[in-house]
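Okay, thanks for coming, everyone.

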Amino acid sequence: VGGDLYWVKAWKDGIYLILGDCTGHGVPGAFMTIISNGAFEHVIDQVDAGDCADIIAHIHRNMQTSLGQDSVNGDSDDGIELGVVYLPNNSDTFTYAGARFSLFYHDKEGDVVEIKGDRKGVAYRSVKHEATFTNVTVERISGRRFIMSTDGMIDQVGGKKGRMMGKKRFKSLLLEARDLPINELGEYLYSALEVYQKDQKRRDDVSLIGFE
């Protein structure tokens, strides 16, 4: 059990997918994933198809109320960081929105580009109940590869100096694997993580979604 979760579902004339990282890991994180899953399921009938930002806003309000974090009173301050993608059928673009979450992409030639989400998470007390989020339109180009990752891999300590892997190394790994089939990318990245981690303790759950 853990605090990362993913969600893939057909929605109107397309597909939407979510990758999320809840506060905590192990059993506490798993309880948060149960609450998050319920919010994901509930929001599908309340939002116009393709509006990823509104999905996040609805999830935020739903979870904040469920956790009793929509007021100044209370002890808990849990939440989730997540990225949401809507892939419509027969379109040259798709929509992305993130809550303290990034979408990475690269072509066969060229550097990795990071699309950063809004600088606020979901459900936390410090985030206004009526908070809004931002949609980004992304081009779908043949051969372009897209990756979402929770911070478990990027924040993992290792290497010769015992430092975090960081986004720079993570992007380099994506470029090194550019010629691999997409269905082999996950195994490649996980093997690279194990090599970098060596005898260091695993710090967090590790989850990635890739598509092209």
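Predicted model: local features only at pLDDT ≥ 70, side-chain atom pairs only at ≥ 80, totals over all residues.

Let's begin with helix α1, residues 26–43.

Now, which residues of α1 are buried? They're G29, A30, M32, T33, S36, A39, F40 and V43. Keep a bit of helix geometry in mind here: an α-helix has 3.6 residues a turn, so residues three or four places apart point the same way. As for what covers those buried residues of α1, the list includes strands β1 (4–11), β2 (14–22) and β3 (80–88), along with helix α2 (52–66).

That brings us to α2 itself. This helix has 15 residues and reaches 21 Å from its first C-alpha to its last, close to the 21 Å expected at 1.5 Å a residue. Its buried residues are C52, A53, I55, I56, A57, H58, I59, H60, M63 and Q64. They pack against β1, β2, α1, β3 and β4, which is residues 93–99. If you follow the chain on from α2, you get to G68, with a positive phi near 70°.

So how do α1 and α2 sit against each other? Their angle is about 125°, and their axes are 9 Å apart. The two helices are therefore oblique to each other, and their crossing is right-handed. On the α1 side, the contact is made by M32, I35, S36, A39, F40, H42 and V43. On the α2 side, you have I55, H58, I59, N62 and M63. Sort the contact residues by class and you get eight nonpolar, four polar and no charged ones.

Next, another helix pair: α4, residues 166–176, and α5, residues 182–197. They pack at about 135°, with axes 11 Å apart. That angle makes α4 oblique to α5, and α4 passes α5 in a right-handed crossing. Who's making the contact? From α4 it's R169, L173, L174 and E176, and from α5 it's Y188, L189, A192 and Y196. By class, this contact has six nonpolar, no polar and two charged residues.

Okay, single residues now. Start with W11, which is in strand β1. Is W11 buried or exposed? It's buried, with a relative accessible area of 4%. Leaving out residues up to four places away in sequence, W11 touches Y16, I44, V47, D48, A49, G50, D51, I55 and Y86.

Another buried one is V122, at 0% relative accessible area. V122 is found in a loop, the one between β6 (113–116) and β7 (136–139). What's around it? Setting aside neighbours within four places in sequence, V122 is in contact with I56, I59, H60, M63, D78, G79, I80, A99 and F133. Among these, I56, I59, H60 and M63 are buried residues of α2.

D107 is also in a loop, between β5 (102–106) and β6. At 24% relative accessibility, D107 counts as partly exposed. Not counting residues up to four places away in sequence, D107 touches R144 and R178. D107 and S142 are 35 residues apart in sequence, with 8.5 Å between their C-alpha atoms.

As background, most residues other than glycine have a negative phi. K12 has a positive phi, near 50°. K12 lies in the loop between β1 and β2, and this lysine is exposed, with a relative accessible area of 64%. Then there's K198, with a positive phi near 50° too. K198 lies in the loop between α5 and β11 (208–211), and K198 is exposed, at 56% relative accessible area.

How values were computed:
Residues numbered from 1 in each chain as written. Heavy atoms only, no water. Axes fitted to C-alpha atoms, helices over the stretch in contact; angles between N-to-C directions. Helix = DSSP H or I, 4+ residues; strand = E, 2+ residues; numbered from the N terminus. Parallel < 35°, antiparallel > 145°, perpendicular 65-115°, else oblique. Left-handed = near helix turned anticlockwise from the far one by under 90°. Contact = heavy atoms within 4.5 Å. Nonpolar A, V, L, I, M, F, W, Y, C, P; charged D, E, K, R; others polar. Expected span 1.5 Å × (residues − 1). Buried < 20%, exposed > 50% of the residue type's maximum accessible area, 1.4 Å probe, protein only.
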